[in-house]
Number of protein chains: 2
Amino acid sequence: MKKLYEFLEERGISPTIQRLKILKYIEENLKHPTVDMIYQEISKEIPTLSKTTIYNTMNLFVEKGIVSELCVGEGEVRYEINLAPHAHFRCTECGNIFDVELDLKIFKIKKVDGNQIMHTSVYFTGKCSECLKKKGMINE
Amino acid sequence: MKKLYEFLEERGISPTIQRLKILKYIEENLKHPTVDMIYQEISKEIPTLSKTTIYNTMNLFVEKGIVSELCVGEGEVRYEINLAPHAHFRCTECGNIFDVELDLKIFKIKKVDGNQIMHTSVYFTGKCSECLKKKGMINE
DNA sequence: TTTCATATTTGAACCCTTTACAAATTAATT
DNA sequence: AATTAATTTGTAAAGGGTTCAAATATGAAA
């Protein structure tokens, strides 16, 4: 926890309890949580927690480059700790989202048609191996 | 218009005025419109038009494979006529969305980590050439 | 044509995610 | 201790999208 405290301070962010718990959560939980998932979990420890705080904090973390937003074709935004660029796979059956560690040259493209690329997003949708297995047993 | 009529009939879709106008619009308008953009335009011709009809129709067209949904990291869904897979570039300054016709091998991947890929999405965000030009004149 | 059944459209209510904002709380400064 | 600034909270509200029942249009059968 001390480490997280320093981590925030180094980036000019006052390390409040809320921010520390949120940071801890997204660091440990690599399941690309939504605001609601974060809220459900942390409000167990901080019962007075407000969802607005999560929104504020996530926006702050994004600005500071600590986390990145994830859009995989659902209605809501997901978050993950900022790591090396990678792709994602969303299963349309179970909703799970997996990291895809392909070494894609596409992440190295910095300019296209004269447009300057700041961020590149790659995601797949389909059926994950688990759901394929289950489906195969039940009805195919 | 006769062509569009037949186009829908061939796919088992009753060609109502609403559907014809919507299809015509997304066929002619390649700017990846949102539901609201479609609504604003077509309600000029059909004043009684309901937004629900647009939602219904777009979902129907997606099911039938006529159009595809587009998610480029905003809050809302965009649509485009179904063409060969391609990437998109969204300018964070002006909001414009451009097709990117790179021949990416990524669109050919059908399986990753045992997961079966049904759809692949690739989009870039950044500043488009137009906005870079303008910015350069004004403050850089 | 008239009738009946079916499909489509419409509009209002509603759900959900996200933002706005002001009051309350907490932390930092003097 | 007092004042100021930063953060959190909660309510309201905005915006996209869905649900659902009533109204309308369409198509088939008589």
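A residue is near a molecule or strand if one of its heavy atoms lies within 4 Å of it. Of the atoms of DNA strand C within 4 Å of the protein, 72% belong to sugar or phosphate and the rest to bases. The model is predicted, so local features need pLDDT of at least 70 and side-chain atom pairs count only at pLDDT 80 or more, while totals for chains, interfaces and linings use all residues. Residues are numbered from 1 along each chain as its sequence is written, chains are lettered from A and ligands numbered from 1 in the order in which they are written, and side-chain values use heavy atoms, with hydrogens and water left out.

**Chain A as a whole**

- Chain A has five helices and six strands; helices (H or I, at least four residues) and strands (E, at least two) are DSSP runs, numbered from the N terminus.
- Read from the N terminus, the order of these elements is α-α-α-α-β-β-β-β-β-β-α.
- The C-alpha trace of chain A spans about 50 × 45 × 25 Å along its principal axes.
- Chain A has 140 residues, and 41% of them count as buried; buried means under 20% relative accessible area, exposed over 50%, and partly exposed in between (1.4 Å probe, protein chains only).
- Among the contacts in chain A with a separation of 6 or more, 43% are between residues 24 or more positions apart; contact means heavy atoms within 4.5 Å.

**How the two copies are related**

- Chain A is superposed on chain B by a rotation of 180 degrees with 0.0 Å of shift along its axis, at an RMSD of 0.1 Å. The two copies are thus related as by a two-fold rotation axis.
- Copies are superposed by least squares on the C-alpha atoms of residues with pLDDT of at least 70 in both.
- A:Val122 comes closest to the rotation axis of the residues of chain A, with its C-alpha at 2.3 Å.
- The copies meet through the same surface, because 100% of the interface residues of chain A are also interface residues in chain B.
- A:Val112 is found in strand 5 (residues 111-112) of chain A and is buried, with a relative accessible area of 4%.
- Not counting residues up to four places away in sequence, A:Val112 touches A:Ile117 in chain A and B:Phe89, B:Val100 and B:Leu102 in chain B.

**DNA strand C**

- DNA strand C is surrounded by 15 residues, and the closest are A:Tyr55, A:Val77, B:Ser14, B:Thr16 and B:Thr53.
- An N or O atom in the side chain of B:Thr16 is 2.5 Å from a phosphate oxygen of DNA strand C; a polar contact is a pair of N or O atoms within 3.5 Å, and within protein one must be able to donate a hydrogen and the other to accept it, with residues adjacent in sequence counting only if both atoms are side-chain atoms.
- The side chain of B:Gln18 has an N or O atom 3.1 Å from a sugar or linking oxygen of DNA strand C.
- A base oxygen of DNA strand C lies 3.3 Å from a polar side-chain atom of B:Thr52.
- Helix 4 of chain A, together with helix 2 (17-28) and helix 4 of chain B, are the elements that give two or more residues to the surface near DNA strand C.
- That surface near DNA strand C has three nonpolar, ten polar and two charged residues; Ala, Val, Leu, Ile, Met, Phe, Trp, Tyr, Cys and Pro count as nonpolar, Asp, Glu, Lys and Arg as charged, and the others, Gly among them, as polar.

**DNA strand D**

- DNA strand D is also surrounded by 15 residues, with A:Ser14, A:Thr16, A:Gln18, A:Thr53 and B:Val77 the closest. Of the atoms of DNA strand D that come within 4 Å of the protein, 76% are accounted for by sugar and phosphate.
- A phosphate oxygen of DNA strand D lies 2.9 Å from a polar side-chain atom of A:Ser14.
- Bases are reached too: A:Ser50 has a side-chain N or O atom 3.2 Å from a base nitrogen of DNA strand D, and A:Thr52 has a polar side-chain atom 3.2 Å from a base oxygen.

**Details in chain B**

- B:Ser43 is in the loop between helix 3 (35-42) and helix 4 (51-63) of chain B, and counts as buried at 18% relative accessibility.
- The side chain of B:Ser43 reaches the backbone oxygen of B:Tyr39 at 2.8 Å.
- Strand 1 (residues 67-70) and strand 2 of chain B run antiparallel and are joined by four bridges; two strands pair if DSSP finds at least two bridges between them.
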